[in-house]
Amino acid sequence: MTQTKVQGLTPCLVFVNRAEEAVNFYVSLFDNSKVVSMVRSEGNEKMPEGTLMHATFELNGREYTAFDGGPSFSFSEGISLMVTVETQDEIDRLWTELTAGGGEEGPCGWLKDRFGLSWQIVPAALGAMLSDSKHGNTAKALAAMLKMKKLDIAALEQAYRSPA
């Protein structure tokens with residue numbers, strides 16, 4: 001199989017509308033984030049004037065693009081942005097901000113924001129709790145996680161540290 005050399009791989013988020021609002025919101029949530037550029041339509045029969053044709057932005061230093069695509073576009077749970085954090089305060093803050101204004105809580109640390117994009121808000125320690133059976137009870141940690149919406153680090157740790 002021949003491999004192709006590429007300049008880079010950049011996730012592109014296509015919104016029905018409100019892409020500019022979403023981009024500005026996402027950039028406000030994370031350190032080391034910024035809007036790089038925005039290009040708006042000057043108006044034609046397919047794209048009204050001011051429609052966001054292309055945005056480049058960074059979240060935590062990683063580049064993304066976005067644009068308004070119209071009603072034929074929607075997000076699904078088949079793709080999400082996973083945010084790994086250290087503390088419960090970080091989980092709580094992101095969960096609150098991302099579900100505000102019409103977002104939806106989902107199971108096991110998943111949520112949808114008000115723009116319909118799926119996110120996973122995950123504690124950094126979760127990977128070890130679910131895979132390191134030498135130092136804890138991975139089955140009980142998994143069972144605890146499956147009962148949660150927003151993940152609770154203390155409850156996950158308690159389940160992980162419990163006897164078999």
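## Close-up views of a predicted model

**View 1. Tyr-26 and its contacts.** Set aside the neighbours within four places in sequence, and Tyr-26 touches Leu-13, Phe-15, Leu-59, Asp-113, Phe-115, Leu-117 and Trp-119 (contact means heavy atoms within 4.5 Å). The model is a predicted one, where local features need pLDDT of at least 70 and side-chain atom pairs count only at pLDDT 80 or more, while totals for chains, interfaces and linings use all residues. Residues are numbered from 1 along each chain as its sequence is written, and side-chain values use heavy atoms, with hydrogens and water left out. With a relative accessibility of 0%, Tyr-26 counts as buried (buried is under 20% relative accessible area, exposed over 50%, partly exposed in between, for a 1.4 Å probe and protein chains only).

**View 2. The largest nonpolar core.** This core has 30 residues, and Phe-15, Tyr-26, Trp-119 and Ile-121 have the most contacts inside it. The term covers buried Ala, Val, Leu, Ile, Met, Phe, Trp, Tyr and Cys residues joined through side-chain atoms within 4.5 Å. At least two residues of this core come from each of β1 (12–15), α1 (19–29), β3 (52–59), β4 (62–68), β5 (80–85), α2 (88–99) and β8 (118–123). Helices (H or I, at least four residues) and strands (E, at least two) are DSSP runs, numbered from the N terminus. Helix α1 gives the largest share of this core, seven residues. Another core, of 12 residues, lies apart from it and includes Leu-126, Met-129, Met-148 and Ala-159.

**View 3. Aromatic pairs.** There are nine of them in the structure. Rings of Phe, Tyr and Trp (its six-membered ring) pair if their centres lie within 6.5 Å; planes under 30 degrees apart are stacked, over 60 edge-to-face, and the rest tilted. Tyr-26 and Trp-119 have ring centres 5.2 Å apart and planes at 70°, so this pair is edge-to-face. Now look at Phe-67 and Phe-73, an edge-to-face pair with 6.4 Å from centre to centre and 75° between the planes. Here Phe-67 is partly exposed at 23% relative accessible area, and Phe-73 is partly exposed at 35%.

**View 4. A ring cluster and an arginine.** Ring pairs tie Phe-15, Phe-25, Tyr-26, Phe-30, Phe-75, Phe-115 and Trp-119 into a cluster. Over the face of Phe-25 sits Arg-114, at 4.2 Å from the ring centre (for a charge over a ring, NZ of Lys or CZ of Arg must be within 6 Å of the ring centre and within 35 degrees of the ring normal).

**View 5. Trp-110 in strand β7.** Strand β7 covers residues 110–112, and Trp-110 belongs to it. Trp-110 is partly exposed, at 28% relative accessibility.

View 6. Running over residues 138–146, α4 has Thr-138, Ala-141, Ala-144 and Met-145 as its buried residues. They span an arc of only 125° around the axis, which puts them on the same side of α4 (the arc is taken over directions from the helix axis to the C-beta atoms). What do they pack against? The partners are α3 (126–131) and α5 (153–161). Ala-139 and Leu-146 are exposed, on the face turned away from the buried side. At the start of α4, a side-chain oxygen of Asn-137 comes to within 3.3 Å of the backbone nitrogen of Ala-139.

**View 7. Two loop residues with positive phi.** Most residues other than glycine have a negative phi. Arg-18, in the loop between β1 and α1, has a phi near 70°. Asn-32, in the loop between α1 and β2 (34–40), has a phi near 55°. Arg-18 is partly exposed at 36% relative accessibility, while Asn-32 is exposed at 53%.

Note on methods: Polar contact = N/O pair within 3.5 Å; in protein donor to acceptor, adjacent residues only side chain to side chain.
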